[in-house]
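Here's a quick tour of a protein model, written for someone just starting out. Take a look at the structure first, then we'll walk through it topic by topic.

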Amino acid sequence: MRTQVAIIGAGPAGLLLGQLLTRHGIDNVILELRSADYVLGRVRAGVVEKGTADMLDEAGVGARMHSEGLVHDGVELAFGGQRHRISFRDLIGKAVIVYGQTEITRDLMEGRAAAGATTVYEAEDVSLHDIESDRPKVRYRHKGVEQELDCDFIAGCDGYHGISRRSIPDTVLRTYERVYPFGWLGILVDRPPVSEELIYANHERGFALCSMRSPTRSRLYIQCSLEDRVEDWSDERFYEELKRRLDDEAARRLEPGQSFEKSIAPLRSFVAEPLRHGRLFLAGDAAHIVPPTGAKGLNLAASDVFYLWQALLDFYKRGSSQGIDAYSGRALARVWKAERFSWWMTSMLHRFPESSGFDRKIQQAELDYLRSSQAAQISFAENYVGLPY
Ligand code: APR
Ligand code: PHB
């Protein structure tokens with residue numbers, strides 16, 4: 001088999017890149033380790049920046065997001081027993097859309113099927129070859145048969161555990177990492193959201209977040225210990241703990257229900273550099289991880305794809321390698337700013353087990369500054385809705 005761009009991974013990064021390339025006449029094949037159902041079964045975050053929404057429109061798959069997604073003009077921060085609203089609309093004239101990543105993945109998969117582009121699900125033992133030459137290839141096994149895919153470029157969109165990043169020599173790749181000493185315990189439940197907008201809560205017992213998927217479905221999180229197991233947390237215990245971390249009004253409005261998904265996710269910041277080696281590009285979680293506090297994971301995957309798609313258009317439509325050469329630097333400049341914002345929000349809102357009295361006083365000062373300064377709120381708003389590409 002031969003294609004122009006071989007894409008490894010059918011998460012949001014791989015599917016979005018594939019859709020944009022297909023719509024611009026650039027042939028591509030996606031190789032995905034798992035089945036389509038498995039990919040769709042993963043529960044992920046759900047805040048879509050304007051830039052990401054524009055990309056989904058450009059890819060021709062934005063219709064359902066616009067009809068079913070919830071436009072949010074702001075968020076609420078809860079601390080010291082009170083809630084404080086930060087209005088993106090008033091501060092910078094922008095908003096975000098709350099729409100689950102699972103739904104985005106579904107829309108992209110349907111778009112790809114309608115366009116007739118090839119996705120090989122359950123592609124096993126994918127390996128990358130000759131990435132330093134201009135004739136790279138990908139080998140894999142499908143239904144027990146060894147296959148080879150020749151291509152011009154490889155896009156490594158195979159997430160944190162994928163093989164693409166590991167195909168870059170150790171002498172070239174540099175990694176930067178911070179692991180946080182806690183996790184998020186999240187549930188999905190068919191109960192209306194506590195508030196119209198997301199509530200991010202800082203409490204001495206730990207962080208909490210009341211998010212949503214629709215007017216009838218809530219996504220709720222509490223900070224938990226890394227030693228905790230899902231079985232330790234009955235729904236009753238979860239709600240009791242969440243209530244204690246919210247302000248009185250939100251706690252009163254919280255309607256307990258039976259969860260139908262419950263999981264614990266560790267929090268980590270991670271960046272690998274560079275994002276290009278020879279004819280291999282990394283995009284999305286394959287190259288970087290953010291803690292979910294700033295809701296940046298999916299949006300960073302989309303901005304990488306924006307720069308990469310532009311670079312490939314430059315190459316195929318204008319015969320220029322400039323975009324390809326600039327890809328890593330351009331994407332990383334935006335990645336690091338989102339890493340900073342996600343780290344900052346995480347630091348401001350969580351209870352760190354080892355924190356001193358001084359650290360906690362600084363955290364309170366940070367929150368009070370954000371509550372009282374319009375300049376601080378504008379900075380928060382422009383980062384939360386997404387920095388320009
Ligand atoms: N071969 C082929 N596919 C692979 C391999 C492999 N060796 N390893 C992993 N994959 C697939 C995974 O099964 C997954 O479907 O690559 C895909 C990567 O998708 P994501 O992990 O969703 O990563 P990405 O597309 O970059 O999306 C980033 O998703 O993970 C969230 O928080 C993250 O919101 C962010 C967004
Ligand atoms: C979610 O809805 O899952 C969600 C929202 C905002 C975040 C993280 C997760 O910051």
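Let's begin with helix 6, whose buried residues are Q101, T102, I104, T105, D107, L108, M109, G111 and R112. Buried here means under 20% relative accessible area, exposed means over 50%, and partly exposed is in between (1.4 Å probe, protein chains only). Helices (H or I, at least four residues) and strands (E, at least two) are DSSP runs, numbered from the N terminus. Keep in mind that this is a predicted model, where local features need pLDDT of at least 70, side-chain atom pairs count only at pLDDT 80 or more, and totals for chains, interfaces and linings use all residues. Residues are numbered from 1 along each chain as its sequence is written, chains are lettered from A and ligands numbered from 1 in the order in which they are written, and side-chain values use heavy atoms, with hydrogens and water left out.

**More on helix 6**
- Helix 6 covers residues 101–115, and at 1.5 Å a residue its 15 residues should span 21 Å, which agrees with its end C-alpha atoms being 21 Å apart. The expected span is 1.5 Å times one less than the number of residues.

**The 9-10-11 sheet**
- Three strands make an open sheet here: 3 strands in the order 9-10-11, with antiparallel pairing. Two strands count as paired if DSSP finds at least two bridges between them.
- Strand 9 (124–129) and strand 11 (145–150) sit at the edges with a single partner strand each, so one side of each has no neighbour in the sheet.
- On average, neighbouring strands of this sheet are turned by 20° against each other, direction ignored. The axes behind that angle are lines fitted to C-alpha atoms, for helices over the stretch in contact, and angles run from 0 to 180 degrees between N-to-C directions.
- Strand 10 (residues 137–142) pairs with strand 11 in the antiparallel sense over 6 bridges.
- Strands 10 and 11 form a hairpin with 2 residues between them.

- K143 lies in the loop between strand 10 and strand 11, and its phi is near 50°, a positive value in a residue other than glycine. K143 is also exposed, with a relative accessible area of 72%.
- D125 has a positive phi near 50° too, and D125 is not a glycine either. Its place is in strand 9, and D125 is exposed at a relative accessible area of 55%.
- The peptide bond from E273 to P274 is cis, with omega near -5°. P274 lies in the loop between strand 17 (259–273) and strand 18 (276–277).

**The 3-7-4 sheet**
- Another open sheet has 3 strands in the order 3-7-4, with antiparallel pairing.
- Its edge strands are strand 3 (47–48) and strand 4 (70–72), and each pairs on one side only.
- Strand 3 and strand 7 (residues 96–98) run antiparallel and are joined by 2 bridges. V48 has I97 in strand 7 as its bridge partner.

**Nonpolar cores**
- Which residues touch the most other members of the largest nonpolar core? They are L16, L31, V138 and I154, out of 73 residues. A nonpolar core is a set of buried Ala, Val, Leu, Ile, Met, Phe, Trp, Tyr and Cys residues joined through side-chain atoms within 4.5 Å.
- Helix 9 (residues 297–318) gives the most to this core, with 12 residues.
- L31 touches I7, I8, G9, V120, A123, V138, Y140 and L149, not counting residues up to four places away in sequence. Contact means heavy atoms within 4.5 Å.

**Cysteines**
- How many disulfides does a search of the whole structure find? The search finds 0 disulfides, a disulfide being a pair of cysteine sulfur atoms within 2.5 Å.
- C157 is in no disulfide, and the nearest cysteine sulfur, that of C151, is 13 Å away. At 7% relative accessibility, C157 counts as buried.
- C224 is in no disulfide, and the nearest cysteine sulfur, that of C210, is 16 Å away. C224 counts as buried at 5% relative accessibility.
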